[in-house]
Amino acid sequence: MLVKFPRTIFGAAVVSLGIQHFILDHLAVAKPPPTSFQESVFLLAGFLYKIGSIALAAAILFNYKIKTVAFSLGVLVFSWSLFRHLPLVIANITDPGELNSMFMALAV
């Protein structure tokens with residue numbers, strides 16, 4: 001009983017973060033439409049990350065194959081950090097905003 005409560009809270013929190021990414025992605029930054037194939041692929045990867053994080057967190061929320069799903073969510077967040085944040089940190093190591101974003105994703 002006590003073990004299921006933290007899972008429920010964690011699952012609900014990650015689902016809400018995934019939904020928040022969908023809502024605030026277009027409000028926080030005015031993004032122009034993609035102009036190249038590479039930008040389109042990056043937007044598609046971001047969309048798949050959002051869907052994947054919501055789906056995996058919902059599986060945790062509903063206690064479906066907890067160990068496999070939690071490991072998959074960890075791999076998803078770690079790979080997203082490497083794919084999305086690490087190149088930007090390497091390009092501009094002195095940007096505290098990007099460093100913060102990368103280490104927040106890794107902390108999850």
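## Ser53

A polar side-chain atom of Ser53 lies 3.0 Å from the backbone oxygen of Lys50. The model is predicted. Ser53 sits in helix 2 and counts as buried, at 5% relative accessibility.

Setting aside residues up to four places away in sequence, Ser53 touches Val14, Gly18, Leu73 and Leu76.

## Nonpolar core

The largest nonpolar core is made of 11 residues: Val14, Val15, Tyr49, Leu56, Ala57, Ala59, Ile60, Val69, Leu73, Val77 and Trp80. Helix 1 (4-28), helix 2 (37-61) and helix 3 (66-91) are the elements that supply two or more residues to this core. Helix 2 gives the most, with 5 residues.

One of the core residues is Ala57. Neighbours within four places in sequence aside, Ala57 is in contact with Gly11, Val14 and Val15.

## Aromatic pairs

There are 2 aromatic pairs in the structure. The rings of Tyr49 and Trp80 are stacked, because their planes meet at 10°, with the centres 4.8 Å apart. Tyr49 belongs to helix 2 and Trp80 to helix 3, so this pair ties together parts that are 31 residues apart in sequence. Tyr49 is buried, with a relative accessible area of 14%, and Trp80 also counts as buried, at 14% relative accessibility.

Trp80 and Phe83 form a tilted pair, with 5.8 Å from centre to centre and 50° between the planes. These two residues are 3 residues apart in helix 3, so about one helical turn separates Trp80 from Phe83. Phe83 is partly exposed, with a relative accessible area of 42%. Through ring pairs, Tyr49, Trp80 and Phe83 are linked into a cluster.

Conventions
Residues are numbered from 1 along each chain as its sequence is written. This is a predicted model: local features need pLDDT of at least 70, side-chain atom pairs count only at pLDDT 80 or more; totals for chains, interfaces and linings use all residues. Side-chain values use heavy atoms; hydrogens and water are left out. A nonpolar core is a set of buried Ala, Val, Leu, Ile, Met, Phe, Trp, Tyr and Cys residues joined through side-chain atoms within 4.5 Å. Buried means under 20% relative accessible area, exposed over 50%, partly exposed in between (1.4 Å probe, protein chains only). Helices (H or I, at least four residues) and strands (E, at least two) are DSSP runs, numbered from the N terminus. Contact means heavy atoms within 4.5 Å. A polar contact is a pair of N or O atoms within 3.5 Å; within protein, one must be able to donate a hydrogen and the other to accept it, and residues adjacent in sequence count only if both atoms are side-chain atoms. Rings of Phe, Tyr and Trp (its six-membered ring) pair if their centres lie within 6.5 Å; planes under 30 degrees apart count as stacked, over 60 as edge-to-face and the rest as tilted.
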